[in-house]
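Please look over the following structure together with its sequence. The report below takes up some of its strands, helices and loop residues in turn.

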Amino acid sequence: MVSSASPVPAPPASDAERGVWGGLAAAAGVALAMTWLWGFTVDDALITCRMAAHLARGVGYRFNVGGPVVDAVTPLGFAHLLAPFAAGGPLAALVAAKWLGAVAVAVAAFILGRRISPRTSAAYGGALLLCLSATAPVAAWAVSGMETGVVTLLAVLALGQGWLADGAAALAAAWRPELAPWCCCVRLGMRLHGGASLARALPGPALVLGAVALVGVVRAVAFGRAAPLSVFAKPSDLAHGANYALFALVQTGLPMLCVAPFSLRRGAPVARVVALGGLAHFTALMLAGGDWMSLYRLAVPVLPSFVLGAAELWRVAPRWASWLRVVLAGAMSVYLAAAVGPVARGVGADRARLIEAARAPLAGAKVVASPDVGWVGAVGDFTVVDLAGVADETVAMLPGGHTSKRIDKSFLSRRNVDAIVLLAYPPHDELAREIDRRASLTTTAESLDIVARLPIAGGRQYYVVLRKP
C-alpha cells in the first residue's frame, strides 16, 4: 500500500553547516583569483628572498656575502621563515613565499566566509564573497612573495575574541608598523563588544603597542635605528600619502561596504569597530606617505574586515542600501582587476626572462650597481650595490628619493663597481633618463660601455647593462 502523505521537508541547515559551506566557498573564490594572478610579484620580494638564501647558506642576515648585516626587510623574521626553503637560492625562496602567502589568504578567506554566512542571507553572503574574490589587490599580494598574505591572515584573526586575537593583532603590527592604529582600534572595540569593561579591554591595544615597541628595540640594538631602513630609503610626504589613501579607499572597493553612517548608528557594533578601524588605518597610510608599489599593498590586510562589517550591517540596514553598496564595491573591484590584472599577472614571467637574459652580460662581474636590486641579486652571487638604498644603509641615508639618491662622484669607485644595470624608457636616451637623475654618476657611467639591452613589459621599457671595457 502506497502512502499518500507528503514528503517530509529537509531540515534547514544549521548555522555551523552554513558557516562551513560559506568558508569553503570563500576559500575557493579567492583561490581562483590567486591562480589567475599567480604571476604577480615585485622586486622587493626578491630582496627578502636573497636575504633568506644567505641565511640558508649560513652567511648571516646580509644582502651581500661578506657585506654588513643590514635591515633590508621590514617584517623582521620573514626572511628567517623562508630560509628553510631557500637552499636553492632566491628564486626557490620566492616560490615558497608565494605558496605561504596563498595558503594564508585561503585560510583567512575560509575563516571570514565561515563567520559571515550565518549573519546574512545566502544571496547577500554570496555577493560579499564574490566582492572579496574579485578584489585584485588581495589575491595579487597574497602570491607576490611578500609578507602581505601572512599579515592578512593575522588581521582576520584579530577580528575575533580572546588572547589569540590579541596576539594576532600584535604580530600583524610588529611586522607592519602602519597597522598599529588599526590593530589597537580593532582589539579595543572587539573586547568592548565582547562585554569587557574598559579596564579589561585595554590589555589588547597595550599588547599591540608593546609588540611594536619591542621590534623597535630589537632594531635599535641590531641595526642602530628603531625605524625600518625602508623609512629612510623611500621617504615620502603627506601629499603623496593623502593621494594614496584616497585612491586605495575608493579603488579597492571593499571599504565602500561599510560607508553607512545612518545604519551604523542603529546598532551593528562589529561594523562600527570595522569602520572606525578602517578610518584609523587609512589615516595612518596618509600620514605614513603611502607606498610606491602598485595595487595598494598597505591597504590589503584590512580589506577583508569590511566584508565582515557589511555582513553585520545587513541586519540593521535597509536591504536596498546593502545591495547598492555591494554593487558599487563589486563594480570597483572588477574595474581595478580588469584594468591592472592582465599586466600584473605577467610580471613574474617577465622578471624570470629578465633574470635569464642578464646572466650572460653580467657573467664575471664582481660588483654590480642598480636601483632595482631584487631581480639583479637573483642573477648571480656577485656583490650588489643598491642605488635606491633599501639594502644599503649608506645610500639610504643620503638625500633624495629612492629613485634619485644623491650619490657623490667617488661612490662607485670606492665600491669597486664594474657593472651598472639601469632602467630606460624608450625613445629617450637610456643613459640620460636614469643617470641624469644621479648626475654625480655621469662621469663614471661614461667610462662604461653598454653591453646589453634587456627588454621588459613587452618591449615598452628595457634595462641597459653597462660594463667596464
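What follows is a description of selected features of this predicted model.

**A buried strand and its partners**

Strand β3, which spans residues 419–424, has 6 of its 6 residues buried, so the strand is largely enclosed by the rest of the structure. Ala419, Val421 and Leu423 point one way from β3, while Ile420, Leu422 and Ala424 point the other way, and the residues of both groups are buried. The strand has a parallel pairing with β1 (residues 367–370), made over 2 bridges, and here Val368 stands opposite Ala419. With β5 (residues 461–467), β3 pairs in the antiparallel sense over 6 bridges, and in this pairing Leu422 has Val464 of β5 as its bridge partner.

**Helices**

Helix α8 (residues 163–175) consists of 13 residues and reaches 18 Å from its first C-alpha to its last, which is close to the 18 Å expected at 1.5 Å a residue. Its buried residues include Ala165, Asp166, Ala168 and Trp175, and the elements that cover the buried residues of α8 include α3 (78–82), α7 (148–157), α9 (180–193) and α11 (203–223).

Val95 lies in helix α4 (residues 90–116). An α-helix has 3.6 residues a turn, so residues three or four places apart point the same way.

Most residues other than glycine have a negative phi. Leu295 is placed in the loop between α15 (269–288) and α16 (303–313), and Tyr296 is also in the loop between α15 and α16.

**Accessibility of single residues**

| Residue | Relative accessible area | Class |
|---|---|---|
| Val95 | 44% | partly exposed |
| Ala239 | 57% | exposed |
| Leu295 | 8% | buried |
| Tyr296 | 13% | buried |

Because buried means under 20% relative accessible area and exposed means over 50%, Leu295 at 8% counts as buried, whereas Ala239 at 57% counts as exposed.

Note on methods
Residues are numbered from 1 along each chain as its sequence is written. This is a predicted model: local features need pLDDT of at least 70, side-chain atom pairs count only at pLDDT 80 or more; totals for chains, interfaces and linings use all residues. Side-chain values use heavy atoms; hydrogens and water are left out. Buried means under 20% relative accessible area, exposed over 50%, partly exposed in between (1.4 Å probe, protein chains only). Helices (H or I, at least four residues) and strands (E, at least two) are DSSP runs, numbered from the N terminus. Two strands pair if DSSP finds at least two bridges between them. The expected span of a helix is 1.5 Å times one less than its number of residues. Contact means heavy atoms within 4.5 Å.
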